[in-house]
Each structure stands twice: as C-alpha cells, then as structure tokens.
Amino acid sequence: MKSLFRCLQLKARIAIASLSIVCFCNSLQAKQDIDVSTLGLEELMNIEVTSVSKSAEPLSKAPSAIYVLTQDDIRRSGARSIPEALRMVPGLHVAQIDAGNWAISARGFNNRFSNKLLVLMDGRTLYTPLFSGVYWNVQDTFIEDIERIEVIRGSGGTLWGANAVNGVINITTKRASDTKGSRVVVDLDTNGETLALRHGGSLDNNGHYRFYAKGIDRDAFKTTDDNDAHDSFDMLRAGFRIDLSPSPRDEVTLQGDIYDGDNDQTIRATSLTPPASLTTEDTVENDGSNILLRWTHLLDSASEWTLQAYVDQTHREDNSLEFDIDTYDIDFQHRFPATTTQEITWGLGYRYIEDDIKNTFTVAFTPDNRDQNIISAFIQDKIKLADDLSLTLGTKFENNDYSGSEWQPSARLHWQINEQHNIWTALSRAVRSPSRGQNDLRLNVAARPGTPNPTLISIIGSDDFDAEELTALEVGYRGRLSDSFTLDAAAFYNRYNNLLSREANPFTVEFSPAPTHFLVSTFNANEANANSYGIELSSTWQVTDDWRIHAAYSHLKIDASLNSGSTDTATVSELENTDPEHYVQLRSQYQLAKNLELDTMLYYTGRNREKDIPAYTRVDVRLGWQVNNNLDIDVIGQNLFDDRHPEFTAQDIIANEIPRALGVRLNAKW
Amino acid sequence: MFKYTSSNKLLLDLAWRIVFTLLLLSSSQIVLADNVREYTIKAAFLYNFSKFIDWPEGTFIDASGFRICIAGKNPFSDKILSSISENKTKSLQVNIKRIGNDGIVKGCQIVFISEPSSILGKHIIKSNHQLNLLTVSDEPGFTAGGGVIELFSVNRKVRFKVNLKAAKIANLRISSRLLSLAVKVESGEQL
C-alpha cells in the first residue's frame, strides 16, 4: 500500500513536470529553419553537425583499451537495458543474477558490488558510496536516446578518479538537438513489458529540450522446480534534458531523472533466535532522483573549460537495510594547448556525500549516518614527440576521509606506425579507496544455534582498512589489416597490493543483543595481493556491403596470495576463481533486404569455479523490420537455445537462472 | 504475461498519461529545425573567413566579384552555395566557381581543397606564394602540409587551425579577431 502511494506520488510529479515542459515550450516562439549563411563565426563554431566525416581524434589513436558501443550497436542487439547492451563489450564480464540484478566487471573481481569499475552517465557517478558498487537495476534511461557507451578496460585513474581501477563505463546520452520529435517504444516479451515515450523539440536561441517517461514491468523468473522465483521487478522513470546556447561560446546543459520502483528478492537474514539463518522473501523499494548542470565555455578553437555540478539522491529499503544517500558534486575542467606540441587538461573536483541508514541486526553501520568529503585534482599533458609519436603524462590526486591522500600517476605512449597500424603502451598506478561499508559496516553473516549459547559469525569493518593499489602495464595494437578487416588487441599485466582480506578477531562472547552468544568474527584488512594477466582481442570483418561480423575473445588469469601472518581462508580462492578464464563473442549484422535486418549474437562464458557455475553459451537473435520511416518492428529472441542457465550468484540474495525470452518491440517515431 | 497485478495497473496508468501528454503536444505547434549538415556549416565558414582577411593590394582592382572556389570534389550542396552567393563581402558580390583539372585558380580569393594530396591540391599549395589564395581544407594534416586554414571537429562542432607561416607566404593579413578563435600553427606542427 505504501509503495502504491509512493508510485502515485511519483506519477503526479511526472505529470506535472511533463505539463510544465509542454507549457514552457508553447510559450516560446517556434524556431524556424536557420539560414547558416547569415551567421557569424562564433555562432558557427557552436553549431553541432549531425555527423562528422573527418574526426580530429579517431578512436584508433587512443592510447588505451577503449571500446565504443554506438546507438546502432545497441539498437541492433535488441538490448532492453544498459547491462544487456554491455554484454557486447569485449573483455567485460556481464552476468545476470536475477530478473533485475547484475554483476559487471572488467579484468576480474566480478561481484554484485564490483568495486573496481567506475560507471558514469553523462558525467554523474552511478555507484553507491556504501559499497562502491552499482545497483544496476536502478540505472536506466530512454535506451534509444543513448548516444554511445564508451568502455575503457584497464586503469582510467588519471582522468577519471578513484575506483576506475580496472575500467570505466561512460554512458553518454544524445544532445537534445538530436532527439527532436516524439518516439514511443512498446516492448512485450515472455518475461515482461516496457512502455517508453520521449518527446523533444527546439527552443529559442539554438536551444533544445526533451523529456521521457518509461515504465518497466519484469515478471519473476522460475526456480529450478518451476515455481515463482520471487524476483519480479517494476520501475517507473522520467527525465528531461535541456541544451542551451546562451552565447555563441557557451553551452549549458540541464538534465535530471526521477525513478521509483520495487523489486522482489529472496534475501538472507540472520537471527540469534531460531531459525538462525533464514532466507526471506521481501520487496525492495527503490527510488531516487538527480539533477545535473553543465556549462562549457569555448575560449578558442583549441581550449575550453567545463563546469559541472550535480545532486543525486538515492533511497533503498529492504528487510535487511534501509538507506538514504545524498551526493553533491562539483567539477571543473580546463583544456588548452600549452605549446605547439603540448595539450594540457587539468581539473578540480569536490564531492560531499551524506547518508542516513536504518540498521538491522543483519546489516549495521556505525555510525548510522556519516558525511564524507572527497577532494580531487588532476593534470594531464599530451605531448607530441614526433609526427607519429605522442606521450601522455598525468596524475590524479584525491583526498578521502578513509585513506587520506592518494596519487595516481600514469604514462601512455602512442605510436602511429602508418595510416593502418597503431601501437600503444601504458604504465599506470591506480587505487580503489575504501568504501563506507569496509570501514563502518558490521555484517552478521550467519548464526548457528547451540547450547547453551548460539554462535554468531560476523564481518566487521575497520578504520584501518586502507586503499587497494594497482600497478598496471598494458600494451595494445589497433589497426586495419585489410580494407574490410580491423583488429584491436590488448594485453595487460596487473599487480595488486593491499587487497581486501578478512582477518580473524579473537573469539569473544557478546551479551548484547540477547541471548548471550559466542562471536566468531573477521575484520577487514589489506593482507591480500594478486597478479593478473590477460589478453583481449576484438575484430570486425565487413564481409560484404550487407554483412558485418564482430568477433572477440578474452582470456584472464589471476594469481592471488596472502601476506605472511594473514589468517584469511577464503579470499585467495575468491580472487582467483570467480572470473571465467575464457570469453568468446561472435556477432553478425546482416542486411537481408533494404528494410530488413537480421542480427545474431553468440556469447560463450567459461566456467566460474568459485561459484560452481558451468560454462554457458547464450544466443540472441533479432529480426528488425523497418515498416516505414515512422515505424520499426523487431522480433527478439534471447537465450534462444537454452531453457535457462545460471550466470552468477550473490552474497546477499538468492540468484536465479536466466530463462529464454521471446518478444516483439514496436518503435514508432514522428 | 498480462496478469492483472498492481504493477500492470500502474503500467496502464502510465500509458494513459502518455496518451494525455501526446494529445497536449499535438495541440502545440513546435516547428522542428532541420538537422544541420556538416558541409552546410563548413561552407558558411568559408564565407565568414573572407570578412577577417585582407588580401594584398591590387587583388580586387578589376575583380567582378569575390570568388570562392572549390578545387576537386565538391562536398557542398547547391542550396548552401547559392545561398552564400547571395551575400556580399568587401563590397563585392560573392560568386562560387568550381576548379577543374586544368587547375586555373586565377580570380579566386578563397579555394576549398577537398583532396590536398591530389596533384591539383599539391599544385595550389606549392604555388600559393604567387596565387595569394586563402587555402582551406578539412583534411587532417592540411596546415602541417602548408595549407592556410584547416577545418576540424571537436565534439561534432567545427573548429579551425591557421598556419601563420602559410598565410604570410600567400601575403594574407589575418585579423586578430579571427586568430583569437583559431588554433595557431606557427610553421609546421601543432597538436
């Protein structure tokens, strides 16, 4: 009942927002088609072109393992959500836990709360500061308005900040000028339905707006004995974006989202009275909102600065934990050519996070509300050593409340052998700052009944827990082997120090809460180390004008060890065995006829030894029919050749197997 | 698939509200501007450059107009070229001329070169100390190879580099206002 009330409240807010945007637009004069020959230089410099044929900095020259998913890739994959689209990124481990939850990582250490990956949407950090992980089920937008998803595997520490240890996922939505008109997407499949609407248009003075609303309803999966798995998921979401050009040299973006939804889960809870360790079916209430303002000022053709500020509010509530987190973030960035051969980018950032947590016996934070301050600065110098050789040097500085000051320097070298072939190499240091949970959380993992007293097993946070450190060496090749074949290859060797370990506390007796119980507990320490190495290959072959094939393979191996004196018993195996050693991906994009597309995707994921999940192969197929300029109809089959299979498990909730899904999507625009 | 659950009810409500919003929108009259194409903007740049550059004395003595020429492949639409030729610059009517393989650029003040590495392109760049042309191209590396202005793109917006040495060789005086917006290239290289 309470959740229904909240939903209605949200709907009222969305309706009012939609109405006010519509009225706002009507009050402004409609914009006519511009005659560019009457515009001045500065105005011309601020107009965006629909596509650029000759780019100044092509992807092939980036000195890192970068992969870009375009809107076209996303559309042709039939992906319904951001995590589904991320399956296409070579070298990324994407595993579904249940109907709404996901585990995603790059280069190892996958977890429901993977903490070595930074995820951004339009400049806003998506992870929850409690665990430094991402609740993927609440991260969404109007999928057709995503411009691109840029994924950097490997340390992005210099520019991107803490947690960009093993990778950065950077989701960019289209500018409002590119989303004019109305679009409705109706998606019906055997596991649920989605309805989404977007409308965009022009404002005065070269300004544009759009807004969207979206409702998702995912049915519960089935358990292995065909019962309801209690993991259904629904979400209502709305958002807007306004892009303005107050002067020819300035560009201002204001955007925001609001969401509210529930998902069912089966969660593990601990109790000192029988039954001691139980799983209960409960419902998570998720809601949140964010608003972001970004101002970019052009100084001249080569230099500009950007000022960005955002507020993000997240609320989540289930049987074991309820929290409210407010994040306030402000960033400044400036790019300019220092000499004819050097380009400098520098920036400053400040983030303030306040949380308020309602503790339970299973999950308890001390203190139950806390403020955090993060100050950061970075500088990067891109030096052109010769016509075909460039060196990028940089460092990031960050000060956080838990581990103090951290430096993250890096050096990257790019050599363009000729028009076809590029080689790059990089040496970098990155850190993963401690999360609030690792400092302040006591997790009562399990209880065992006993006479005269029960035994409680706990993991206890520690103020001494320090940042995890990485030194990474990478080398890569990117090139065109023939007119129709491109290859992107990267190899890495990562050395991690001070990784999280769980060290035994002395055996004690606790009197509170009653009944008096024995306590077997561990505390968070930094006694684990690991080396990881791997290769990532991805290639595109344009077989004919109508047929393109993407193929990718990645291999990963992790060796972990503990410092002498460590009492940890589980971490080494978790670090070494959670990530499959092999991934294969094969995607075919075929143009059957002028208005008919056939896309086939095959993903092979190797065995997960730690979680005892067998290797699996997943096949998705999409048949896309462009009925006319206004209507597309897609028939989408996911996980076609398998009734269901498990992909991952989580520490706190019961995972379910991922079933086959067949569906139809109507995509209308006008 | 369509159980009548509370969330389905919510979805129906959402659908209802979307229809309502659409009705409202269709009653509003929002005129959508066409997407601006890359070479429309680039053509407008060519015309704009003329206002900020002084050609050597005597250039316009018996000129019938201000001539913007296109050497080699023409990426511009007829619509934008004719719209530019309706304008005046330096009190002269703008006219547009295509340069064929004969390479006769006499009477041109600005020449856009789509393929600077072609024979025609190389010839124009090499003999520009006599031709006094404002050479413009969007080919990466154009200014490094002796061209005067190179158009490039940052975040899908058009920017430009000016090679000061090449401008000097062609006897062109570039206004400080234009230079303040440009990436300045001293002789050969820039980022």
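Tutor: The discussion below treats the disulfide and then the nonpolar cores.
This is a predicted model, in which local features need pLDDT of at least 70, side-chain atom pairs count only at pLDDT 80 or more, and totals for chains, interfaces and linings use all residues. Residues are numbered from 1 along each chain, chains are lettered from A and ligands numbered from 1 in the order written, and side-chain values use heavy atoms, without hydrogens and water.

Student: Why is the pair B:Cys69 and B:Cys108 called a disulfide?

Tutor: A disulfide is a pair of cysteine sulfur atoms within 2.5 Å. The S to S distance of B:Cys69 and B:Cys108 is 2.0 Å, so the pair meets the definition. The count over all chains is 1 disulfide.

Student: What makes the disulfide of B:Cys69 and B:Cys108 left-handed or right-handed?

Tutor: The torsion about its S-S bond is about -90°, so this disulfide is left-handed.

Student: How do you know whether B:Cys69 is buried or exposed?

Tutor: Buried means under 20% relative accessible area, exposed over 50%, and partly exposed in between (1.4 Å probe, protein chains only). B:Cys69 has 0% relative accessibility and therefore counts as buried. B:Cys108, at 5%, is buried as well.

Student: Which residues touch the most other members of the largest nonpolar core?

Tutor: A nonpolar core is a set of buried Ala, Val, Leu, Ile, Met, Phe, Trp, Tyr and Cys residues joined through side-chain atoms within 4.5 Å. In the largest, of 46 residues, they are B:Phe45, B:Phe49, B:Leu134 and B:Phe160. Another core, of 36 residues, lies apart from it and includes A:Trp102 and A:Met601.
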